[in-house]
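Please look through the sequence and the model shown here before reading on. The paragraphs after it are meant to be read with the structure open alongside.

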Amino acid sequence: TVSLATAMMTTISAQADAHDRPAMARTLSSTLRAALAIIVPFVALLPVIAPDLARVLFAHGAAADVGVDAYTPTLSLFGLGILFFTIHYLVLRGFYALEQNRLVFFVQCGVAAVNIAVGIALVGATSAKNTAPALVVSYAAAYAVGATVSYLLLRHRLRGLYTRRLLSFGGRLIIATGLATALTFPIAQVLDGLSEDPSTLVAAVRLVCVGAVDVLFFLIFARLLRITEVSAVLATLTRRART
């Protein structure tokens with residue numbers, strides 16, 4: 001997300017300086033689609049790989065004292081927060097290019113207020129064991145509000161953000177992601193059943209295998225559904241790998 005935003009910023013700043021708002025809308029919409037082509041499959045896969053990911057990351061030192069399973073719900077939920085943060089973060093670059101920083105400040109105040117309010121409400125309504133997942137939900141809720149508000153405001157200022165194309169892309173992306181994850185899940189369950197208490201190395205190998213299978217399925221369905229944004233991202237990564 002940060003890399004895409006950095007690469008986009010120079011372009012949309014020049015377009016804003018030239019008062020070419022339709023070009024800004026095209027660039028922002030294209031960058032959003034490219035980011036979502038990567039983020040959405042990961043969001044769907046995260047709950048599937050969360051147990052092994054938790055073991056790889058936290059089965060060491062003091063973090064292991066509470067048991068690695070305690071981290072799984074938090075990791076599973078964080079995907080939604082990443083999704084909404086991505087949309088919000090990229091859209092805000094449009095306001096920065098237009099030099100409307102004061103508006104960004106008030107939007108960010110709203111995001112912080114929602115995060116605090118939802119966090120207090122959820123933590124107060126749940127047990128200490130579920131405090132971390134509750135805070136992740138409040139984080140996701142705050143950025144969902146931020147993404148919605150910032151997108152609508154920027155769409156109004158740019159007189160459009162190619163929303164219809166974005167929705168069409170999103171629908172096909174959800175179908176490809178859903179099919180890939182649905183086919184990957186039983187494979188992950190089979191691998192999980194081979195060892196009830198795997199070592200960190202076994203968990204890491206299983207994590208890589210499940211991730212690779214999911215990526216393969218997703219690329220197949222993305223090609224069948226003609227999601228050109230996925231092909232464009234893949235071509236960019238391939239070019240960079242060669243250089």
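This is a predicted model: local features need pLDDT of at least 70, side-chain atom pairs count only at pLDDT 80 or more; totals for chains, interfaces and linings use all residues.

The packing of helices comes next. Two packed helices are described by the angle between their axes and the distance between the axes. For helix 3 (residues 72-97) and helix 5 (residues 131-158), the axes come within 8 Å and cross at roughly 25°. An angle under 35 degrees counts as roughly parallel, and helix 3 and helix 5 are therefore roughly parallel to each other. The crossing in which helix 3 passes helix 5 is left-handed. Sorted by class, the residues in the contact of helix 3 with helix 5 are 22 nonpolar, 6 polar and 1 charged.

Helix 3 also meets helix 1, and here the two axes come within 9 Å and cross at roughly 30°. By the cut-off of 35 degrees, helix 1 and helix 3 are therefore roughly parallel to each other as well. In this pair the hand of the crossing is right-handed, as helix 1 passes helix 3, whereas the crossing of helix 3 with helix 5 is left-handed.

Side chains of opposite charge can pair when their charged atoms come close. How many salt bridges does a search of the whole structure find? The search finds 3. One of them joins the side chains of E229 and R33, with a distance of 2.8 Å from N to O. Because E229 lies in helix 8 (residues 228-242) and R33 in helix 2 (residues 21-58), this pair ties together parts that are 196 residues apart in sequence. Both partners, E229 and R33, are buried.

A further salt bridge is formed by D52 with R206, whose closest N and O atoms are 2.7 Å apart. Since D52 belongs to helix 2 and R206 to helix 7 (residues 200-224), the pair ties together parts that are 154 residues apart in sequence. Are these two partners buried or exposed? The cut-off for a buried residue is a relative accessible area under 20%, so D52, at 10% relative accessibility, counts as buried, and R206, with a relative accessible area of 6%, is buried too.

R206 takes part in another salt bridge, this one with D192, where the closest N and O atoms are 3.5 Å apart. This pair links distant parts of the chain, with D192 in helix 6 (residues 163-193) and R206 in helix 7, 14 residues apart. D192 has a relative accessible area of 37% and is therefore partly exposed, in contrast to R206, which is buried at 6%. Taken together, D52, D192 and R206 are linked in a network of salt bridges.

The backbone of some loop residues also deserves attention. Most residues other than glycine have a negative phi, and most peptide bonds are trans. E99, although it is not a glycine, has a positive phi of about 60°. E99 is placed in the loop between helix 3 and helix 4 (101-125), and its relative accessible area of 69% makes E99 an exposed residue. R226 is likewise not a glycine, yet has a positive phi of about 55°. The place of R226 is in the loop that runs between helix 7 and helix 8, and at 68% relative accessibility R226 counts as exposed.

At 43% relative accessibility, L80 counts as partly exposed. Between the C-alpha atoms of L80 and L201 there is a separation of 28 Å, and these two residues are 121 residues apart along the chain.

Conventions:
Residues are numbered from 1 along each chain as its sequence is written. Side-chain values use heavy atoms; hydrogens and water are left out. A salt bridge is a side-chain nitrogen of Lys or Arg within 4 Å of a carboxyl oxygen of Asp or Glu. Helices (H or I, at least four residues) and strands (E, at least two) are DSSP runs, numbered from the N terminus. Buried means under 20% relative accessible area, exposed over 50%, partly exposed in between (1.4 Å probe, protein chains only). Axes are lines fitted to C-alpha atoms, for helices over the stretch in contact, and angles run from 0 to 180 degrees between N-to-C directions. Angles under 35 degrees count as roughly parallel, over 145 as roughly antiparallel, 65 to 115 as roughly perpendicular and the rest as oblique. A crossing is left-handed if the near helix is turned anticlockwise from the far one by less than a right angle, and right-handed if clockwise. Ala, Val, Leu, Ile, Met, Phe, Trp, Tyr, Cys and Pro count as nonpolar, Asp, Glu, Lys and Arg as charged, and the others, Gly among them, as polar.
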